[in-house]
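Trainee: I have a structure open and would like to go through it with you. Can we take it piece by piece?

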Amino acid sequence: MSLTLYIGNKNYSSWSFRPWLTMKATNIPFEEVFIPIYTDAKDKQRLLDVSPAGKVPILIDGEVTVWDSIAIIEYLAEKFPQARLWPQDSALRAHARAISAEMHGGFGGLRRECGMNIHRPVRAKALSEEAKENIARVQEIWTDCCKRYGEAGPFLFGTFSAADAMYAPVVHRFRTYAIEVTPPVRAYMDTMLAHPAFAQWTAEALAETLMIERFEAD
């Protein structure tokens with residue numbers, strides 16, 4: 001039975017982007033179902049009918065329902081070991097999982113102040129010290145990974161992995177809000193932006209017409 005991934009608006013839903021990109025980039029076949037988020041009670045109920053968490057993304061695999069981006073990625077890693085979503089070396093795998101968990105549970109200032117909004121005109125905005133510290137930490141993570149593993153390829157752990165998917169929305173945030181970055185970070189961002197699956201999500205997000213007013217104020 002094929003996999004079904006429920007996602008929200010591609011322009012705004014950073015959490016949907018992560019497993020979608022994971023699957024597209026590693027050629028894991030799936031059916032995509034779009035349910036608008038931040039709209040009305042009817043769409044919210046559609047999500048609740050699929051998962052009691054009532055949030056995207058949601059992965060359906062037969063009788064199995066998995067919600068939450070990183071849980072979906074872990075499920076896929078076990079189901080499709082050939083996709084090599086995590087590095088094969090145990091030390092690298094631990095490193096990749098650690099920075100992915102840090103992304104999953106942290107960077108609150110950056111999330112609040114620089115929400116993913118792909119069609120927003122590129123321009124800078126005033127940021128809090130917390131957001132600036134978050135930005136510095138992300139750049140530190142990316143620079144460290146590329147320095148350690150860059151000989152194996154241009155992604156965080158050489159070849160594309162789940163860690164790249166976990167940080168993919170931040171690439172858009174840095175671009176959209178004209179964040180000043182170092183040359184190594186810019187090179188990594190260019191690598192991600194040029195990835196066919198990343199580019200596909202971006203193009204489809206730009207084609208969306210549904211606007212959420214509260215995300216368009218800045």
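Trainee: Which residue in β4 is the bridge partner of Ile-58?

Mentor: Trp-67 is the bridge partner of Ile-58. Keep in mind that this is a predicted model.

Trainee: How many bridges join β3 to β4, and do they run parallel or antiparallel?

Mentor: Four bridges join them, and the two strands run antiparallel. β3 covers residues 58–61.

Trainee: What is the order of the strands in the sheet?

Mentor: The order is β2-β1-β3-β4, in an open sheet of four strands with mixed pairing. β2 (30–34) and β4 (64–67) each have a single partner strand, so one side of each is left without a neighbour in the sheet. On average, neighbouring strands are turned by 20° against each other, direction ignored.

Trainee: Which strands does α3 touch?

Mentor: α3 packs on the sheet and touches β1, β3 and β4. The direction of α3 makes about 135° with that of β4.

Trainee: New topic: the core. Which residues touch the most other members of the largest nonpolar core?

Mentor: That core has 59 residues, and those touching the most other members are Leu-21, Leu-76, Trp-142, Leu-156, Tyr-167, Phe-174 and Met-192.

Trainee: Which element gives the most to this core?

Mentor: α7 does, with nine residues. Other elements that give two or more residues include β1 (3–7), α1 (14–25) and α4 (90–105). Another core, of eight residues, lies apart from this one; among its members are Tyr-6, Ile-35, Val-56 and Ile-60.

Trainee: Back to Tyr-167. Is Tyr-167 buried or exposed?

Mentor: Tyr-167 is buried, as is Trp-142. Beyond its neighbours within four places in sequence, Tyr-167 is in contact with several residues, including Ile-99, Phe-107, Val-138 and Trp-142.

Trainee: What kind of aromatic pair do Trp-142 and Tyr-167 form?

Mentor: An edge-to-face pair, 6.2 Å centre to centre, with 80° between the planes. Trp-142 lies in helix α6 (residues 129–149) and Tyr-167 in helix α7 (residues 162–176), so the pair ties together parts that are 25 residues apart in sequence.

Trainee: How many aromatic pairs does the structure hold?

Mentor: Eight. There is also an aromatic cluster formed by Phe-17, Trp-20, Phe-198 and Trp-201.

Trainee: Last one: where does the charged end of Arg-18 sit?

Mentor: Over the ring of Trp-15, 4.1 Å from the ring's centre.

Definitions and conventions: Residues numbered from 1 in each chain as written. Predicted model: local features only at pLDDT ≥ 70, side-chain atom pairs only at ≥ 80, totals over all residues. Heavy atoms only, no water. Phe/Tyr/Trp six-rings, centres within 6.5 Å; stacked < 30°, edge-to-face > 60°. Buried < 20%, exposed > 50% of the residue type's maximum accessible area, 1.4 Å probe, protein only. Lys NZ or Arg CZ within 6 Å of the ring centre and 35° of its normal. Core = buried A, V, L, I, M, F, W, Y, C linked by side-chain atoms within 4.5 Å. Contact = heavy atoms within 4.5 Å. Pairing = 2+ DSSP bridges. Axes fitted to C-alpha atoms, helices over the stretch in contact; angles between N-to-C directions.
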